[in-house]
Amino acid sequence: MINNLSVIQLSEESINIPTLDQVIVLVEKNQGCFLFTSPDKEFSHIRWIVGLNPIITHFGENIQTIDGLNIEVSPLEGIDEIIEQSTVNPECPLWLGYIGWDFKDRLEEPGLFARLSDILFPPCSMSIYHRVIVIDFQTQSAILYTLALKNTIKQFPPIILKTQDIPTHFNISNLTTNKTREQFMADVEKIQEYIRAGDIYQANLTRKIETIYQGSKLQIVKNLLESNTIEFGAFLNTKYGTVVSTSPERFFKVEGRRISTFPIKGTAPRSNDVTSDQVIADDLLSDTKNRRELAMIVDLLRNDLSRICKPGTVIVENFPQLLTLNNVFHLLAGIVGELEEISFEKIIYAMFPGGSISGCPKIRAIQIIEEIEQIPRGIYTGTLGYIKKNHSMDFNILIRTVMISGNKLWFNVGGGITLLSNPEQEYEETCHKAKNILNALQKK
Amino acid sequence: MKPLKIVLFDNYDSFTHNLYHLLATTFPNSQITVHRNHDRQLFHQSFDLIIGGPGPCTPGETGILKQLFETRIIAERIPFLGVCLGMQFIAWYFGIPFHRSSVPIHGDAIPIQHLGTSIFNNLPNNFPVARYNSLEIREKELKNTELITLATEEKTGAVMALKHKSLPLYGIQYHPESFLSKFGKEILLNFHNEVYQKND
């Protein structure tokens, strides 16, 4: 069945660069997906990718097409094959979408993880879209690819870039969280007891924050997308709901056979004063807790890359490096390797979920997270990104990500817990992260 | 060096494949297979040496390793190198208690003290090695047992490497495969020389 599934390119044309408002409206109206890298980073290309009207969607264990076909597959089977079978420009992004945290149990031995699932969003959703727009702000160009299922009968209306004002008014009320300060601090201590007992070295603990919103969803989306610490953001609109990611963290990137990954640990708010800003940066670089936590994640990611890379090619390029964003510093490391085989499916089986938002050793850490957090994380701490026809890939870690469905809006906040964590500070850090999201949401 | 069939015994750990790459680059012609710790195929499969990998929890929580020790590794004198939990397993197997570490460290390098013998042959003293352990074996508790201390952590006196007096069983508490550790390859080559020099 998968053998017959492929996509052809109908056309490729230059178009005017759409505005952010136009993109937001298009994505909203056409079950679209918008991915972007933020313009204020020195080491990444400024680029927008927009997909509109899904024609094939991979839900993890089944593939659905716009023609009504539904094929059951083993987890992630078919993604690589459909890329191979499709005839489109090598530079065209084909699959856009996410794999949620809740998908993790499908990728491991049965019985290791609970089969927890968010009921609102499917655990995995990767789509090939009818229209794909690639906007490059360095060359000031926008290319529109029009794709179709091979042998399809389905017709789509043309896309029209209208100047349209997004309604601005919204309000947010009924802020709730699933863990009180005391409960969260007790959870931190539980994890530390597991660390002392030898079960793990680190685990990422999170709590969920929920609100009710009324008014303009698109203004909420726009406010979030314009917040300024985004490394790899996204706005995805599906029939199940909306995902807005303002992630500062890249999961992995593939170009040719080269795969790279960039874990982040440690956060320090910046100062307006140059001298104290430098002191803050130096303190972060020499902080034992953050350095150790980054070191264990580096070894963990070396391991995950070593499962799919040629022996001897996995190299730590930067440890630790200072990542300077507009309002915060982070510690960052870079690890690269040469893939034995370029396969999205193999990469995800080897690396998912990301080490920086699970823990170490990963399997035991996830079991402990499930035991302590008790509720499914849903999409949060999964990964979202794209795969081009030429198999280049770029995926983020779904943190600082807001889910919207019905009149509900929710997100998680968390942090890495080690033996050196202070429970109170860990709780405060989650408050700080929540405040950043809520401020971005409500900026005027 | 003759090609080896190496078994890498995986205790559901997140550093197993770092060890795999270290083994593959140290012994390039060898055939290395990774088995999770409940893989009963190991009772029948033929192999030349086995690496007891690191892992979560305690030395008793290592799947079929105890049974494999009894029926194959000790019975056939198959060379065994335990890493972290793998080292603690050797001690536990011979009845030596493990303790919660007085100074647990995860993800940092510490200097290692050794006598330059056995698997530390020709290596400088106090080279940096990565610690990822909350449990430890204590040097004084190895006295008058079948195990010998090869290296310790100066600050705490915790055992950082050990070997058996007569069987080809070796253990390292630290992580030679970590990017923070020096001389991972040399340790493996020394281990290889130790277990094969008498027969080659």
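**Entry 1: chain A as a whole**

I began with chain A and counted its elements, which came to 9 helices and 22 strands. I note at once that I am reading a predicted model. Along the principal axes, the C-alpha atoms of chain A fill a box of roughly 60 × 50 × 40 Å. I then looked up the radius of gyration, which is 21 Å for chain A, and this agrees with the value near 22 Å that a compact globule of 444 residues would have. Of those 444 residues in chain A, 48% are buried. I also looked at contacts in chain A between residues with a separation of 6 or more, and 74% of these are made by residues 24 or more positions apart.

**Entry 2: strand 11 of chain A**

Next I picked strand 11 of chain A, residues 232–238, and asked how many of its 7 residues are buried. The count is 6, so strand 11 is largely enclosed by the rest of the structure. I followed its pairings in turn. With strand 2 of chain A, residues 33–37, strand 11 pairs in the antiparallel sense over 5 bridges, and here A:Leu35 stands opposite A:Ala234. With strand 12 of chain A, residues 241–247, strand 11 is again antiparallel, over 7 bridges, and A:Asn237 has A:Thr242 as its bridge partner. Strands 11 and 12 of chain A are joined by a hairpin that passes through 2 residues.

**Entry 3: the open sheet of chain B**

I turned to chain B, where I traced an open sheet of 9 strands with mixed pairing, in the order 2-1-3-4-9-8-7-5-6. Which strands stand at the edges? They are strand 2 (31–36) and strand 6, and each has a single partner strand, so one side of each is left without a neighbour in the sheet. Ignoring direction, I find that neighbouring strands of this sheet are turned by 25° against each other on average. Within chain B I also checked strand 5 against strand 7 (residues 147–153), and these run antiparallel and are joined by 3 bridges. One residue I looked up there is B:His114, whose bridge partner in strand 7 is B:Ala151.

**Entry 4: two helices of chain B**

I then compared helix 1 (residues 16–26) with helix 4 (residues 184–196) of chain B, which pack at an angle of about 65° with their axes 10 Å apart. Their crossing is right-handed.

**Entry 5: where the chains touch**

For the two chains together, I found 26 residues of chain B in contact with 30 residues of chain A. On the side of chain B, helix 1, strand 5 (99–114) and strand 6 (128–136) each supply at least two residues, and helix 1 gives the most, with 7 residues. By class, this side of chain B has 11 nonpolar, 12 polar and 3 charged residues.

**Entry 6: B:Cys57**

Last, I looked up B:Cys57, which lies in the loop between strand 3 (49–52) and helix 2 (65–73) of chain B. Is B:Cys57 buried or partly exposed? It has 19 C-beta neighbours inside 10 Å and therefore counts as partly exposed, the cut-off for buried being 20 or more. Leaving out residues up to four places away in sequence, B:Cys57 touches A:Gly198 and A:Asp199. From C-alpha to C-alpha, B:Cys57 and B:His21 are 24 Å apart in space, and they are 36 residues apart in sequence.

How values were computed: Residues numbered from 1 in each chain as written. Chains lettered and ligands numbered in written order. Predicted model: local features only at pLDDT ≥ 70, side-chain atom pairs only at ≥ 80, totals over all residues. Axes fitted to C-alpha atoms, helices over the stretch in contact; angles between N-to-C directions. Helix = DSSP H or I, 4+ residues; strand = E, 2+ residues; numbered from the N terminus. Left-handed = near helix turned anticlockwise from the far one by under 90°. Contact = placed C-beta atoms within 7 Å. Nonpolar A, V, L, I, M, F, W, Y, C, P; charged D, E, K, R; others polar. Rg over C-alpha atoms; globule rule 2.2 N^0.38 Å. Buried ≥ 20, exposed ≤ 12 C-beta atoms within 10 Å, placed from the backbone. Pairing = 2+ DSSP bridges.
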